[in-house]
Amino acid sequence: QVQFVESGGGLVQPGGSLRLSCAASGFPFSRSAMSWYRQAPGKERELVARITSADGSTNYAASVKGRFTISRDNAKNTVYLQMNSLKPEDTAVYYCNADYTAGLRGYNYWGQGTQVTVSA
């Protein structure tokens, strides 16, 4: 059974920082690419950051590059998103995502989401 436990969201002032965590189980975490997506009210879900399973390489949305850092701890089956210099436009529900391939089949799983609100 695939499970995600997301934490770290909340209310923060502009310029502040938050660290999101996503602890996962029920699938081969170390073989999975892990991502954070976000969805703001009235907008489509968008990719924020992704980290691969093979060499831990990362990529970021242009809007967060230089402010956010994604990392993973395979020993703890956990992926993190360190968010610095937060802006009101970062307000959204943030979702953890896992994807991997086994043989010819692809698998994709979503967390339940955690709310991040950036406001004075």
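The link of Cys22 and Cys96 is left-handed, with -85 degrees about the S-S bond. Cys22 sits in strand β3 (residues 18–25) and Cys96 in strand β9 (residues 92–102), so the pair ties together parts that are 74 residues apart in sequence. Please keep in mind that this is a predicted model, where local features need pLDDT of at least 70, side-chain atom pairs count only at pLDDT 80 or more, and totals for chains, interfaces and linings use all residues. Residues are numbered from 1 along each chain as its sequence is written, and side-chain values use heavy atoms, leaving out hydrogens and water.

**The disulfide**
- The count comes to 1 disulfide, a term for a pair of cysteine sulfur atoms within 2.5 Å.
- The sulfur atoms of Cys22 and Cys96 are 2.2 Å apart.
- Both Cys22 and Cys96 are buried (under 20% relative accessible area, with a 1.4 Å probe and protein chains only).

**Strands β4 and β5**
- Strands here are DSSP runs of E with at least two residues, numbered from the N terminus, and two of them pair if DSSP finds at least two bridges between them.
- Antiparallel strands β4 (residues 33–39) and β5 (residues 46–51) are joined by 5 bridges.
- Ser35 has Arg50 in β5 as its bridge partner.
- This hairpin of β4 and β5 has 6 residues between the strands, and Gly42 in the turn shows a positive phi of about 80 degrees.

**Strands β5 and β6**
- β5 also runs antiparallel to strand β6 (residues 58–60), with 3 bridges joining them.
- Ala49 finds its bridge partner in β6 at Tyr60.
- Between β5 and β6 the hairpin has 6 residues, and Gly56 takes a positive phi near 70 degrees.

Note on methods: Helix = DSSP H or I, 4+ residues; strand = E, 2+ residues; numbered from the N terminus. Buried < 20%, exposed > 50% of the residue type's maximum accessible area, 1.4 Å probe, protein only.
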